[in-house]
Amino acid sequence: MARLLSLGVVIVLWTVLAAAVDSPLLPGPVAVGEALLRDAGSLALPYHLACTLLRVIAAFAVAFSLGMAAGFAMGKWGLVDRIGDPWLVILLNLPALVTIILAYVWIGLNETAAVVAVALNKFPNVVVLTREGTRALSPELEDVAQVFCLSGPARIRHIVLPQLAPYLAAAFRSGISITWKIVLVVELIGRPNGVGFVLGSAFSLFDMVTIFAYSIAFIAIMLAVESLIVQPLERNASSWRRQAA
Amino acid sequence: MQAVGADKLLELRVDSKTYRSAKNASIEVLRDFAFELAAGSFACLVGPSGCGKTTILRIAAGLDRDFQGARRISPSTRVAMVFQEPHLLPWRTVEDNIRIAMDAASATGAIGEWLERFDLVEQRRQYAGELSLGQARRVAIARAISVGPDLLLLDEPLVSLDETVAARLRGELRAIAESRKLGILLVTHDLAEAIELSDRLLFLGGKPACVVLERELSMPRNRRDRRTVAALVDEIAGQMNGH
């Protein structure tokens, strides 16, 4: 309830401000809503949203699967950690823009380059969190797995993943927002579609209505992802924790 | 399932076992410890805490391979262990904790039977993290026994339980020892418990530790009532002091 109220206050403030300024540089909610409906009707909005979402998902999947594997190996074996650590520090400190430019120059202005660039930006963060989680794995439960001869898949499912879950959830949560922000930059620089591309062309035309409409549409989608996917997953993974009595 | 050609389940010889301390000094905890266990026998390691009993158990389980000596055990021997702490998977239910171990061992048998025997039917769908210590210890014992082990290793499984629960679980352990031809090695510092359950007592002592006294108990378990146990405790304690 408090959330809805605070959102409502923002919309009211926006309306008042837009009416007071009365300038094409700050369109009001009504104009933006009309633009949203118009582009939704012409299917331009869903098309660009889908392009961006697919890139987010692809980059996220790549970064997550490779990052988990690398992070686990680094947390488990000291030698891998010592070899990988300098590269990790470099990747962590590489500006997103540099990876994007390098990917486009070396791979070409194509989808692969776009996904690689975004994945490379997210990857080190997943590695760091998975490595922390792996270092914290309980040696006692490892003993249990060994004594009772648990198979590899059973160990991963019943012993390793439940312990890594909080770390992976943190990586997921911070990852989903970082990823979509970087995807927009990637699209702005070198893709012919997606929300980032639309924002870029709207910017060159000073078309503030479109900028507002697409931003809001995409933020709404990410909010839905957060409350319909991320939060239920987190609740489910931590349901075993002792309930506050 | 027993080792071919012999009744021996486990042969263990620890010439020396050292730990490296934080300051990088090596501390020898065990020297010249030899032990074998036959199928159908129940041995007990007794000694003060910190003397190396758990180390021996971990070596016997194959969890610690960093020692001088030899461990001989047939690869087909199914080992199960009850750790000093229950070490359950807190994110799995009581039922799943037992089932995961049973599945890994492809053990046959109904899970409901184990839950009933260890009085866990009401807790079956509770997460293991929500159990009291007594309940968690019962699950740990049920998990170990449910896999149908040939060799059962128990590390102070009844410590810090109230006496009624401990007595009941001792009864369960006795029943298992009588009904199945498996080898059991129990580590405890409670002499009365050792006398009540086992048919061979090994006393550890010294630094580095070795066996200082060994004693066979041939009296059938059902004749070991409280008075007999108490008399034996006195007798053995006297022997230990004279040692």
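Predicted model: local features only at pLDDT ≥ 70, side-chain atom pairs only at ≥ 80, totals over all residues.
**Entry 1: overall build of chain B**

I began with the secondary structure and counted seven helices and nine strands in chain B. Next I looked up the radius of gyration, which is 18 Å for chain B; the globule rule gives 18 Å for 243 residues, so chain B is as compact as a globular protein of that length. Along the principal axes, the C-alpha atoms of chain B fill a box of roughly 50 × 45 × 45 Å. I also noted that 38% of the 243 residues of chain B count as buried. For contacts in chain B with a separation of 6 or more, 72% are between residues 24 or more positions apart.

**Entry 2: a three-stranded sheet**

Which order do the strands of the open sheet take? I read it as β2-β1-β4 in chain B, three strands with antiparallel pairing. The edges belong to β2 (26-38) and β4 (68-73) of chain B; each has a single partner strand, so one side of each is left without a neighbour in the sheet. From one strand to the next, the twist averages 15°.

Then I took the pairs in turn. Strand β1 (residues 8-20) of chain B pairs with β2(B) in the antiparallel sense, over 11 bridges. Two of the partners I wrote down are Thr18(B) with Glu28(B) in β2(B) and Ser16(B) with Arg31(B), also in β2(B). The hairpin of β1(B) and β2(B) has five residues between the strands, and there Asn24(B) takes a positive phi near 70°. Between β1(B) and β4(B), which run antiparallel, I found six bridges. Here Leu10(B) stands opposite Ile73(B) in β4(B). As background for myself: strands of a sheet pair through backbone hydrogen bonds, either parallel or antiparallel.

What packs on this sheet? Helix α1 (residues 53-61) of chain B does, touching β1, β2 and β4 of chain B. The direction of that helix makes about 125° with that of β1(B).

**Entry 3: one residue in β1, Arg13(B)**

I picked Arg13(B), which is found in strand β1 of chain B. Leaving aside residues up to four places away in sequence, Arg13(B) touches Ala34(B), Gly69(B) and Ala70(B).

**Entry 4: nonpolar cores**

The largest nonpolar core has 73 residues. Those that touch the most other members are Cys44(B), Met81(B), Val139(B), Ala144(B), Leu153(B) and Leu185(B). Helix α4(B) gives the most to this core, with seven residues. A general reminder goes here: in soluble globular proteins, nonpolar side chains tend to be buried together.

**Entry 5: positive phi in loops**

Most residues other than glycine have a negative phi, so I looked up the exceptions. Asp119(B) has a positive phi near 60° and is found in the loop between α3 (111-117) and α4 (133-146) of chain B. Asp119(B) counts as partly exposed, with 16 C-beta neighbours inside 10 Å.

Ser160(B) has a positive phi near 55°. Where is Ser160(B) found? I located Ser160(B) in the loop between β6 (151-155) and α5 (163-179) of chain B. Ser160(B) is exposed, with 9 other C-beta atoms within 10 Å.

**Entry 6: where the chains meet**

How many residues does each chain bring to the contact? I noted 17 from chain A and 18 from chain B. On the side of chain A that touches chain B, α7 (139-147) and α8 (152-190) of chain A each supply at least two residues. The largest share of that side, six residues, comes from α7(A). By class, the side of chain A that touches chain B has 10 nonpolar, three polar and four charged residues.

Terms used
Residues numbered from 1 in each chain as written. Chains lettered and ligands numbered in written order. Helix = DSSP H or I, 4+ residues; strand = E, 2+ residues; numbered from the N terminus. Buried ≥ 20, exposed ≤ 12 C-beta atoms within 10 Å, placed from the backbone. Contact = placed C-beta atoms within 7 Å. Nonpolar A, V, L, I, M, F, W, Y, C, P; charged D, E, K, R; others polar. Core = buried A, V, L, I, M, F, W, Y, C linked by C-beta atoms within 7 Å. Rg over C-alpha atoms; globule rule 2.2 N^0.38 Å. Pairing = 2+ DSSP bridges. Axes fitted to C-alpha atoms, helices over the stretch in contact; angles between N-to-C directions.
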